[in-house]
Amino acid sequence: MANALRVGSVISLCSLRNTRPHLPLLSNATRFRSKFPFFTLSSSPNPSGYPPFRTLSSSSASTDEAVTTEAITSNNASGEAENSIKDAAGLLDIRVGCILRAWKHDEADSLYVEEVDIGEPEPRIICSGLVKYIPLEHLQGKKVIVLSNLKPRNMRGVKSCGMLMAASDAKHENVELLFPPEEAIPGERIWFGTEDEKDNQPDAATPNQLQKKKIWELVQPHLKTDASCIAMLGEHVMRSSVGSVACQSLQNANIS
């Protein structure tokens, strides 16, 4: 306001020295305001009717800072949880296997019994509930993925020492076995992550540790196939040394 008055005084003095008639200060101010309505020479609050400039109060700044801090904390917690699941998955002993022989279980119509080479001196005997989903002839000689450090289970008189990993749709109407690239060697250990992480795998948990800490139960809900049928743990690819693990055709499917 003081600056506006001083401007007005200069204008008045200059006009006294000029022989040409002049318009009063109010007229100049009025014309100025008509061109630039957001400026005013009036002392009344907000005479133009335009909303006043808003300043950031300390309370709103504190609120924004709190929201930002909460978002950062949430992201950090999410990242830590993902790393924790990945670390747990590293305790699973998942191996490339090759089915040497398969037959129907004598005492259970829904089960196959398979002899599976996973690079050990003797083949593993594994029971799988795949009779409704996969013809027997499609199992013979097939490369598969085996979760090998589960505790053995007695399945209708047959001791099953491991599990063939498979993808299934939401209704469990379609089931497909996971498989590695054909060049993969039976017994090779599978991991989740980049190719560079192959040599940094931790030692697998013992079957007792796996059961006691419920490691499989923690990891399994995060295992799915992606839109390309590649097996994933969250954003981490399931890998062998010669390529990724996949299923035949089930996209965004659960893995168990």
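Start with strand β13 (residues 236-240): five of its five residues are buried, so the strand is largely enclosed by the rest of the structure. Buried means under 20% relative accessible area, exposed over 50%, and partly exposed in between, with a 1.4 Å probe and protein chains only. Strands (E, at least two residues) and helices (H or I, at least four) are DSSP runs, numbered from the N terminus.

The model is predicted: local features need pLDDT of at least 70, side-chain atom pairs count only at pLDDT 80 or more, and totals for chains, interfaces and linings use all residues. Residues are numbered from 1 along each chain as its sequence is written, and side-chain values use heavy atoms, with hydrogens and water left out.

What surrounds β13? Begin with its strand partners; two strands pair if DSSP finds at least two bridges between them. Strand β10 (residues 191-192) pairs with β13 in the antiparallel sense, over two bridges. There, Trp191 stands opposite Arg239 of β13. β12 is also antiparallel to β13, again with two bridges. Leu233 has His236 in β13 as its bridge partner. Two residues separate β12 and β13 in a hairpin, and Gly234 in that turn has a positive phi of about 60°. On to strand β14 (residues 243-244): two bridges join this strand to β13, and the two run antiparallel. Ser240 has Gly243 in β14 as its bridge partner. A hairpin through two residues connects β13 to β14.

Now take Met238. Contact means heavy atoms within 4.5 Å. Setting aside neighbours within four places in sequence, Met238 is in contact with Ile94, Ile145, Met165, Leu178, Ile190, Trp191, Phe192, Ala231, Ser244 and Val245. Met238 also belongs to the largest nonpolar core, which has 29 residues. Such a core is a set of buried Ala, Val, Leu, Ile, Met, Phe, Trp, Tyr and Cys residues joined through side-chain atoms within 4.5 Å. Ile94, Met165, Leu178 and Met238 touch the most other members of the largest core. Two or more residues of this core come from each of α3 (58-89), β1 (94-104), β4 (143-147), α5 (215-219) and β12 (231-233). Apart from this core lies another, of 15 residues, including Tyr112, Leu130, Ile134 and Leu177.

Helix α3 also holds Lys86. Is this lysine buried or exposed? Lys86 is buried, with a relative accessible area of 18%. A polar atom of the Lys86 side chain lies 3.5 Å from the backbone oxygen of Phe192. Not counting residues up to four places away in sequence, Lys86 touches Phe192, Gly193, Glu197, Leu233 and His236.

Next comes the open sheet. Its five strands have the order β3-β2-β1-β4-β7, with antiparallel pairing. β3 and β7 (163-164) stand at the edges with a single partner strand each, so one side of each is left without a neighbour in the sheet. Strands of a sheet pair through backbone hydrogen bonds, either parallel or antiparallel. Six bridges pair β1 with strand β2 (residues 112-117) in the antiparallel sense. Lys104 has Tyr112 in β2 as its bridge partner. Five bridges then pair β2 with strand β3 (residues 124-128), again antiparallel. Glu115 stands opposite Ile125 in β3. The hairpin of β2 and β3 has six residues between the strands, and Gly119 takes a positive phi near 85°.

Finally, the charges. A salt bridge is a side-chain nitrogen of Lys or Arg within 4 Å of a carboxyl oxygen of Asp or Glu. By this rule the count comes to five. Arg101 and Glu115 form one of them, with the closest N and O atoms 3.2 Å apart. Arg101 lies in strand β1 and Glu115 in strand β2, so the pair ties together parts that are 14 residues apart in sequence. Arg101 is partly exposed at 41% relative accessibility, and Glu115 is partly exposed at 22%.

Arg124 forms a salt bridge with Glu120, with 2.8 Å between the closest N and O atoms. Arg124 is buried, with a relative accessible area of 17%, whereas Glu120 is partly exposed at 36%. The side chains of Asp93 and Arg95 also meet in a salt bridge (2.6 Å, N to O). Asp93 counts as buried at 13% relative accessibility, while Arg95 is partly exposed, with a relative accessible area of 24%. A network of salt bridges links Asp93, Arg95 and Arg189.

Conventions
Polar contact = N/O pair within 3.5 Å; in protein donor to acceptor, adjacent residues only side chain to side chain.
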